Amino acid sequence: MKYTTALLPLAAGTLAASGAGPRPNATFQTFQPGFSEIISATSKIELLHENTTYPFAHEAPVYIPSTGDLFLVGNYQTPKGGAPIQISRMFKNNATSSTGNGQYTYGREIIHPDVPMANGGINYKDGILFCAQGTFAQKSALIWMNVTAPYNTKVLLDNFHGRRFNSLNDLFIHSDGSIWFTDPTYGYDQGFSPEPELPNQVYRFDPETGDVRVVADKIGQPNGIAISPDEKIVYVTDTDATWGNGNMSRRRGATIYAYDIVEYSGAPFLTNRRVFAYDESGIPDGVKIDTEGNVYAGCGDGVHIWSPAGVLLGKIYLNSTSANLAFAEKGELFVLNEYRLWKATLDDVVAGDILRF
């Protein structure tokens, strides 16, 4: 497929010298004319922070509008690597960068709340609701965390009718207050949680009534999950092509599935599963939606953006994996790139559906 590429300047940030491999040239790649409604002539990609020692920017990016902070979590390091998953608070430094271009540098605070092996995260009740993958000692759970010190936590759900969840991964909040989340086996695959007691499934939890039920199954590794702005379609990424233990196969799923939400007897069900998109570059991981219904997913070479019809409009191309992303103010998108945190400035009308600015 033909595309056009625009090479964009990088902002000064808090950077380390070496160790995470060559720094990529970040670009926008246009595949379809509709991408012009997402980027503009002033769009740019800025490198905000880099840590070459370990991948600090992997999952659970959650932007806090009241403070401008961004919370995120790192990638799991094997015992040989010596670092469990860490939760970080990224914050703007008081002074702008020394380049004099008005761009902020970002500082990083590592925090230590009781959220074992965090992965997915979302804004929830003036805090963050995490998917904690769990460990041998602590169950996988939905855990709420305050966004100010001392970062108190509260467990909302840690079992399915008495059986342990496998390794909760990602979630969204429906306008009716229900919490929808995915449960693959990455904790077991990577050796830090027990053998699974349940199939790999998607769940809906009503915190008001305590009801929790399965809404989708038969997905290799259900991972990212999001809902359309009109709440008629649920998107689930299948990352079965990569199991997290080194077992990889291009013959397994690297797919975004779409489901319709249909109500029966006053309850929502997922029906009409269909392929929405396939990631040719790796696997589609975290997924977010803008207010126009366009679908953004962290993929093997950066962020891919599809129209609501599943047409690939363009990419934020990094030439390396992005597992997740988060909308901030209008026209701002944080992109997690393992050892690097980027900010893409899009057209100023683009807004994320979670925060609906």
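In this predicted model, Gln133, Ser140, Arg164, Phe165, Asn166, Ser193, Pro194, Glu195, Pro196 and Glu197 line the second largest cavity.

Over the whole structure, a search finds three cavities of 30 Å³ or more. The largest cavity has a volume of about 120 Å³. Its lining counts 14 residues, and the closest to the centre are Asn123, Lys288, Ala326, Phe327 and Ile354. Four strands, β4 (59-64), β8 (118-124), β20 (287-289) and β24 (324-327), each supply at least two residues of this lining. By class, the lining of the largest cavity holds nine nonpolar, three polar and two charged residues.

The open spaces come next. The second largest pocket has a volume of about 330 Å³. Of the 20 residues that line this pocket, Ile122, Ile173, Ile227, Asp353 and Ile354 are the closest to its centre. Ile354 is also listed among the residues closest to the centre of the largest cavity. Two or more lining residues of the second largest pocket come from each of β8, β12 (171-173), β16 (222-227) and β20; β8 and β20 also contribute to the lining of the largest cavity. The pocket lining divides into eleven nonpolar, four polar and five charged residues.

The largest pocket holds about 690 Å³ of space. Among its 31 lining residues, those closest to the centre are Tyr186, Thr242, Gly244, Ile283 and Asp285. This lining comprises ten nonpolar, 17 polar and four charged residues.

Technical notes
Residues numbered from 1 in each chain as written. Predicted model: local features only at pLDDT ≥ 70, side-chain atom pairs only at ≥ 80, totals over all residues. Heavy atoms only, no water. 1 Å grid on protein atoms, 1.4 Å probe; cavity = no way out; pocket = protein on both sides within 12 Å on 5 of 7 lines; lining within 4 Å. Points joined across faces, edges and corners; volume = space filled by probe spheres on them. Nonpolar A, V, L, I, M, F, W, Y, C, P; charged D, E, K, R; others polar.
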